[in-house]
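The sequence and structure are shown below.

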Amino acid sequence: MAEYRITGLSSEVIGELIAEVGPLWHEQHQARLTARSRRRAVGAGAKHRFVFVDRLLATLVSLRHGTTHDVLACWFGVDRSTITRAIGEVRPLLAQRGCTVAPGIRLRTLVEVIEHLGAEGRTGIIDGTEIRVRRPAAGRKDRDKFVSGKTKQNAVKSMVVTDDEGRVLFCSPVRPGSCADIAQARQLGLAQLLAGGPFMEILADAGYQGMGAQTGGRVVTPPHRKFRKNAPAWYEERHEQQRKAHSSRRIRVEHGIVHLKNWRALARHLGRREHE
């Protein structure tokens, strides 16, 4: 179960996760045991057969391959409800870890990401990515809000921030697929953070056009077309060169997104849309 092909992580990384997340899970577990009135002392009764290491491995396999809880229950020799409860406990702990960019530096919020990029003087890249979800039930209120205008599929959308090397620094909470990229960025407060922070360069695609003026030129989008028709040949050539130069720098965010999509849970989510 701990092989790289199954979990997508090396044994060294899994060991770090056990050392870091394990104490948090045990602390959370003990808090639940002592939070309610009991007839027996804490620790009495049957002991866990499904230890934390197995819980972590089951969660990683579920996120990596989208394996059903029934299959995981057969692999680990426990009940399906035990797998479901274990994944529900471990996933939030993994989400709270944030993104490690250097020894001792871990970024958890968008504010920390902007401060890190400004302090290091590095270029950031932002882009939106969509995750397919199940079609909402007929008659449900706001059923159409999950339909993406770009892919014409039911999806939820997240904003990803990477550095100029394509290393993922931040992945936002999801919004329904009908939400525009620039609207999601504004809801996350990106414009206010950039306008009031140090000067930096944030590369974005045409979906974020308009944020450059709001952030004092910090958000750089592809050049606008000044001629809608009958453009001079020299202008077409120059515009194409500028567009390709911008795309060649911005493409690294796509590499970071592809790295995330190696995890099946981030490629297509089969659970509840509200709990992504």
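In which sense do β4 and strand β6 pair, and over how many bridges? In this predicted model, β4 and β6 (residues 175–176) pair in the antiparallel sense over two bridges. The bridge partner of valine 156 in β6 is proline 176.

## Other partners of β4

Strand β3 (residues 124–133) also pairs with β4 in the antiparallel sense, over nine bridges. Here isoleucine 126 has valine 161 of β4 as its bridge partner.

With strand β5 (residues 168–171), β4 forms an antiparallel pairing over three bridges. Threonine 162 stands opposite valine 168 in β5. Four residues lie between the strands in the hairpin of β4 and β5, and glycine 166 takes a positive phi near 85° there.

## Burial of β4

β4 spans residues 155–163, and nine of its nine residues are buried. In a regular strand, side chains alternate between the two faces of the sheet. Both faces of β4 are covered. On one side are Ala155, Lys157, Met159, Val161 and Asp163, and on the other Val156, Ser158, Val160 and Thr162, all buried.

## Packing of α2 and α5

Helix α2 (residues 11–35) packs against helix α5 (residues 80–95) at an angle of about 125°, and their axes are 10 Å apart. Angles of 65 to 115 degrees count as roughly perpendicular and those over 145 as roughly antiparallel, so α2 and α5 are oblique to each other. The crossing of α2 past α5 is right-handed.

From α2, Leu17, Val21, Leu24, Trp25, Gln28 and Arg32 meet Glu89, Leu93 and Leu94 of α5. The residues of this contact comprise six nonpolar, one polar and two charged.

Terms used
Residues numbered from 1 in each chain as written. Predicted model: local features only at pLDDT ≥ 70, side-chain atom pairs only at ≥ 80, totals over all residues. Heavy atoms only, no water. Axes fitted to C-alpha atoms, helices over the stretch in contact; angles between N-to-C directions. Parallel < 35°, antiparallel > 145°, perpendicular 65-115°, else oblique. Left-handed = near helix turned anticlockwise from the far one by under 90°. Contact = heavy atoms within 4.5 Å. Nonpolar A, V, L, I, M, F, W, Y, C, P; charged D, E, K, R; others polar. Buried < 20%, exposed > 50% of the residue type's maximum accessible area, 1.4 Å probe, protein only. Pairing = 2+ DSSP bridges.
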